[in-house]
Amino acid sequence: MVRRQAAAESRSGREALARVLLIAFGLAVAVDLGSLLAGTEAGHQIAKPLLMPLLAGHVYARGGRRLLVAALLCGWGGDVFLLASADIAFLLGMGCFAAGHVCYLLLFGRGRTHPGLGIGYGIALVAAVAALWPDLPADLRIPVAGYSVLLTAMAYRSSRLGLVVGLGGALFLLSDMLIATGVAEWPQLPRPDFWIMLTYLGAQALLAQAYRERPVPRFTV
């Protein structure tokens with residue numbers, strides 16, 4: 001009886017913490033996106049590093065798997081590095097996001113996905129890399145192409161967990177495509193950073209819903 005009561009209290013405490021962290025994440029999102037719309041760089045610099053730790057904490061409190069938490073924290077590393085404008089910071093940020101995609105791929109496992117979707121993603125990958133290649137800086141072409149393959153694989157495999165998580169993978173692909181077109185100096189939408197962060201945050205929030213799923217991969221972590 002005592003053990004059951006202690007377990008219930010622990011579960012209730014974790015649920016309360018999860019709600020608090022989710023509310024804090026929503027507030028940080030509002031500050032970040034509002035700052036980008038208003039052109040207030042200080043708000044973005046303060047809010048952006050808080051986003052993924054809050055979301056990761058929420059997922060952890062909800063009992064999400066360590067791979068999911070690790071993927072979100074890799075995103076935090078990428079977010080922090082991309083606050084700087086130097087080429088090395090861009091490469092380090094891309095490396096962090098690549099590590100996050102590996103975590104997602106391991107999390108999603110090797111279950112069945114729709115082959116037609118895979119063909120569609122493959123065509124989109126080849127078309128995007130081919131179109132961007134001439135306009136990318138020479139030293140970024142190979143890293144961007146390699147990262148794009150990994151990102152596309154993650155987006156495709158995310159569909160294994162259903163529409164919500166699959167949409168998160170697609171939004172991540174769109175967000176990074178917006179970044180790549182900026183690096184290639186293609187024409188941009190007004191307030192491009194706002195659209196990049198909007199699609200990125202939507203992507204991570206939807207991918208985070210994988211905590212609700214319990215796929216059965218070939219190995220467990």
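Me: Which residue's backbone oxygen does the side chain of serine 148 reach?

Reply: This is a predicted model, where local features need pLDDT of at least 70, side-chain atom pairs count only at pLDDT 80 or more, and totals for chains, interfaces and linings use all residues. Residues are numbered from 1 along each chain as its sequence is written, and side-chain values use heavy atoms, leaving out hydrogens and water. Serine 148 lies in helix 6 (residues 141-158); helices (H or I, at least four residues) and strands (E, at least two) are DSSP runs, numbered from the N terminus. At 2.7 Å, its side chain reaches the backbone oxygen of valine 144.

Me: Is serine 148 buried or exposed?

Reply: Buried means under 20% relative accessible area, exposed means over 50%, and partly exposed is in between (1.4 Å probe, protein chains only). Leaving aside neighbours within four places in sequence, serine 148 is in contact (heavy atoms within 4.5 Å) with Leu125 and Val129. Because its relative accessibility is 16%, serine 148 counts as buried.

Me: What distance does helix 8 reach from its first C-alpha to its last?

Reply: Helix 8 (residues 192-207) has 16 residues. The expected span of a helix is 1.5 Å times one less than its number of residues, and for helix 8 the expected value is 22 Å. Close to that, the model's helix 8 reaches 23 Å.

Me: What is the angle between the planes of phenylalanine 97 and tyrosine 200?

Reply: Rings of Phe, Tyr and Trp (its six-membered ring) pair if their centres lie within 6.5 Å; planes under 30 degrees apart count as stacked, over 60 as edge-to-face and the rest as tilted. The whole structure holds 6 aromatic pairs. Phenylalanine 97 in helix 4 and tyrosine 200 in helix 8 form a pair that links distant parts of the chain, 103 residues apart. This pair is edge-to-face, with 5.8 Å centre to centre and an angle between the planes of 80°.

Me: How far is arginine 14 from the ring centre of tyrosine 60?

Reply: A charge sits over a ring if NZ of Lys or CZ of Arg is within 6 Å of the ring centre and within 35 degrees of the ring normal. Arginine 14 lies over the face of tyrosine 60, and its distance from the ring centre is 5.5 Å.

Me: Which side chain makes a polar contact with the side chain of tyrosine 211?

Reply: Tyrosine 211 sits in the segment after helix 8 and touches His58, Val59, Arg62, Gly64 and Leu68, not counting residues up to four places away in sequence. A polar contact is a pair of N or O atoms within 3.5 Å; within protein, one must be able to donate a hydrogen and the other to accept it, and residues adjacent in sequence count only if both atoms are side-chain atoms. At 3.2 Å, the partner of tyrosine 211 is the side chain of arginine 212.

Me: What is the phi of glutamate 185?

Reply: Glutamate 185 is in the loop between helix 7 and helix 8, and at 72% relative accessibility it counts as exposed. Arginine 191 is in the loop between helix 7 and helix 8, and its phi is positive, near 55°. Although glutamate 185 is not a glycine, its phi is positive, at about 60°.
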